[in-house]
Each structure stands twice: as C-alpha cells, then as structure tokens.
Amino acid sequence: IQTMEGGLMAQAYSIRFHYEGPKQIFSYIGYQAGEQEYGGIRFKTDSVSLNHNINPSGNLYFHLDLSYGNQIDFINTRSGKRFRSNLISEYTPGLHLKLFLSYIFERMTVNRRQLYDAHISELRAVYQFSRRTFIRGILQYVQQYRNTELYGININARDRQIFAQLLFSFKLNPRTVFFLGYSDNHLSDDRFQLFRKNRTLFIKIGYALTI
C-alpha cells in the first residue's frame with residue numbers, strides 16, 4: 001500500500017498451512033511479516049494467526065479465530081502487542097429456528113503492561129415463519145477496560161453498552177420488503193451507572209430497482 005505521494009505506507013508477506021478433515025474440519029495457521037508507517041514512524045506488524053472451523057453435526061457449527069502479534073497504538077503512536085480471539089457458534093434446533101452466539105476478546109499491551117481489554121458478546125435468534133416472513137432478535141453486550149495511566153489523553157477506565165433489537169420482516173413481492181423493528185441502547189462509564197441512551201421504533205420499506 002502506497003501513500004498519495006508514492007511513499008510506502010504498509011507492506012506484508014504471509015505464509016499459511018491448511019488442513020481439511022472429517023466433519024467438515026477446515027483449519028489453517030499462518031504467519032504474517034510486515035511493516036506499516038504511521039505518524040512518520042515505521043512499525044513492525046508481524047503476527048501469527050489460527051483459524052479453525054468444524055461441523056460436528058448437521059445442525060451445529062463452530063468457528064474459532066485467534067491472532068497474536070505486533071499492533072500500533074494509534075492514540076499514542078507507539079508499538080504494542082495485541083491478542084484477539086473470536087468464537088462463533090451456530091445452532092439450528094428445528095426447521096424454522098436458528099441461533100447464533102459469538103464472543104470476541106481483545107487485549108492490547110504496551111511494554112508488557114495491559115493497555116486495554118475489550119469484550120463483545122452477542123446472541124442472535126432468527127425464526128423463519130415462511131420463505132417471506134421472519135422475526136429476528138439481537139442482544140449484544142460490550143465492555144471495555146482501560147489502563148488510564150498509559151493513555152496520553154483523558155479517557156474512561158471502563159465503558160459498558162447493552163444493545164437489544166427486535167425486527168420483523170415480510171417480503172411483499174420479489175422486489176419489495178417491509179420491516180418493522182424496535183431497538184434499545186443502554187450505556188455506562190466511570191461517571192454514570194447503566195442508563196438508556198435511546199430507543200427507536202422504526203418502519204422501513206425496501207424496493208429493488210432493476211435497470
């Protein structure tokens with residue numbers, strides 16, 4: 001990747017090893033070596049990653065993604081280490097219902113000291129009444145912890161967010177879709193306990209144009 005002036009902004013080289021096995025197992029481990037320029041400084045972005053997918057049964061699926069390596073602290077323009085994990089599970093208990101569960105964890109360290117931890121959990125359920133109609137519910141929880149001593153700016157030591165949404169969808173015809181939904185958003189930080197930031201009731205009609 002080059003800047004508008006023609007200078008080198010980022011470059012990377014990677015190598016991966018793949019494996020395929022029974023129960024639709026697909027896995028790979030990879031290593032990436034690279035550099036990225038930010039704030040007039042060139043940083044190393046070397047990292048190692050692991051990806052694993054498996055279908056132990058016809059109605060159950062798991063996905064795991066892990067990575068660890070160098071990462072830029074963009075707020076303070078310095079190098080650090082980042083670990084990230086992403087776990088996804090899909091379960092179909094019946095003909096009409098499908099459940100999704102995901103959890104993301106990320107930790108950044110600078111000089112072997114924790115800069116932040118981030119947790120993102122999400123539960124999603126979809127019930128398909130027919131080919132034209134479904135209802136979907138989402139519940140998401142986000143929590144972040146920061147070591148304020150390592151930040152060069154005024155920042156909260158902890159943030160929390162709870163997001164919920166319920167959506168009804170009906171396809172009127174092959175080109176027209178009707179949506180009716182409700183969403184609710186709660187926040188908290190160092191100064192405030194959990195409070196409702198907003199809630200929304202919305203109606204939407206989508207139409208696909210063909211030219």
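Biologist: Why is glutamate 37 called partly exposed?

Modeller: In this predicted model, glutamate 37 has 34% relative accessibility. Buried means under 20% and exposed over 50%, so 34% puts glutamate 37 in between, partly exposed.

Biologist: And what makes glutamate 37 and arginine 42 a salt bridge?

Modeller: Their closest N and O atoms are 3.6 Å apart, and the cut-off is within 4 Å, so the pair counts. Glu35 belongs to the picture too: Glu35, Glu37 and Arg42 are linked in a network of salt bridges.

Biologist: Why is glutamate 149 called exposed, but arginine 113 partly exposed?

Modeller: Glutamate 149 has 64% relative accessibility, and exposed means over 50%. Arginine 113 has 40%, which falls between the 20% and 50% limits.

Biologist: What makes aspartate 184 buried?

Modeller: Its relative accessible area is 8%, and buried means under 20%, so aspartate 184 qualifies. Aspartate 184 still meets arginine 196 in a salt bridge, 3.0 Å from N to O.

Biologist: Now valine 48: why is it called partly exposed?

Modeller: Valine 48 has a relative accessible area of 36%, between the 20% and 50% limits, so that's the label. Val48 is also one of the residues in a nonpolar surface patch.

Note on methods:
Residues numbered from 1 in each chain as written. Predicted model: local features only at pLDDT ≥ 70, side-chain atom pairs only at ≥ 80, totals over all residues. Heavy atoms only, no water. Patch = residues over 30% accessible without salt bridge, like charges linked within 9 Å, V, L, I, M, F, W, Y side chains within 5 Å. Areas by Shrake-Rupley, 256 points an atom, 1.4 Å probe, with all protein chains shown as cover. Salt bridge = Lys/Arg side-chain N within 4 Å of Asp/Glu carboxyl O. Buried < 20%, exposed > 50% of the residue type's maximum accessible area, 1.4 Å probe, protein only.
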